[in-house]
Amino acid sequence: MKLIDSNREFTLKTFDRVTLEKSFIWLNDPEIQAGMNIKYRITKEGQEKWYSSLESRVDYKIWSFVCNDIPIGAGGFRNITKNSGELTCYIGDKRSWGTGKILVKLLLDKAQELGFKEVLLKVLHANKRAYNCYIKQGFTYESEDDLFMILKFIIK
């Protein structure tokens with residue numbers, strides 16, 4: 001599936017080495033780390049181990065988020081069960097910030113393809129922009145802990 005916005009084509013594609021390399025830079029950016037609550041440096045070795053595990057994992061699926069065939073972020077699901085998954089995503093290319101609603105829409109379409117009945121996610125209390133994006137996409141507040149608000153989307 002693809003979405004067109006302002007003459008730009010957005011799609012989800014296989015998470016590949018190009019996105020892996022860009023993700024190394026993005027996920028070590030202090031501003032992005034703060035928004036995702038990453039408190040450690042991403043290493044090439046750790047990233048390679050994670051990437052090598054993707055093909056065999058049934059509890060985790062990820063895709064490259066691309067604009068006009070250029071990776072700008074990534075998204076997918078972790079903690080996958082038969083009926084649900086926990087949404088995880090980020091826009092790494094700061095010039096593309098503001099396209100989160102498109103990424104979330106594409107991921108919710110993937111969740112439906114995967115047969116999920118619901119999608120959960122955690123968003124930092126301080127990340128009001130992401131919270132508002134998720135609420136506008138139809139997520140509802142479920143609960144919270146010291147760091148995160150937990151939101152839920154019911155697939156119809």
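Which side chain does Glu 86 join through a polar contact of 2.8 Å? In this predicted model, the partner is Asn 79, and the contact runs from side chain to side chain. Glu 86 itself lies in strand E5, which spans residues 84–91. With a relative accessible area of 10%, Glu 86 counts as buried, because the cut-off for that class is under 20%. Leaving aside residues up to four places away in sequence, Glu 86 touches Gly 76, Phe 77, Arg 78 and Asn 79, together with Leu 120, Leu 121 and Lys 122.

Lys 122 leads on to the strand pairings. Strand E6 (residues 118–124) pairs with E8 in the antiparallel sense, over seven bridges, and here Lys 122 has Ile 150 of E8 as its bridge partner. E8 also runs antiparallel to strand E7 (residues 140–144), to which four bridges join it. Strand E8, residues 148–154, is mostly covered, with six of its seven residues buried.

Strands E1 (residues 2–5) and E2 (residues 8–14) are paired in the antiparallel sense by four bridges, one example being Ile 4, whose bridge partner in E2 is Glu 9. Two residues separate E1 from E2 in this hairpin, and Ser 6 in the turn adopts a positive phi of about 50°.

Note on methods:
Residues are numbered from 1 along each chain as its sequence is written. This is a predicted model: local features need pLDDT of at least 70, side-chain atom pairs count only at pLDDT 80 or more; totals for chains, interfaces and linings use all residues. Side-chain values use heavy atoms; hydrogens and water are left out. Buried means under 20% relative accessible area, exposed over 50%, partly exposed in between (1.4 Å probe, protein chains only). A polar contact is a pair of N or O atoms within 3.5 Å; within protein, one must be able to donate a hydrogen and the other to accept it, and residues adjacent in sequence count only if both atoms are side-chain atoms. Contact means heavy atoms within 4.5 Å. Two strands pair if DSSP finds at least two bridges between them.
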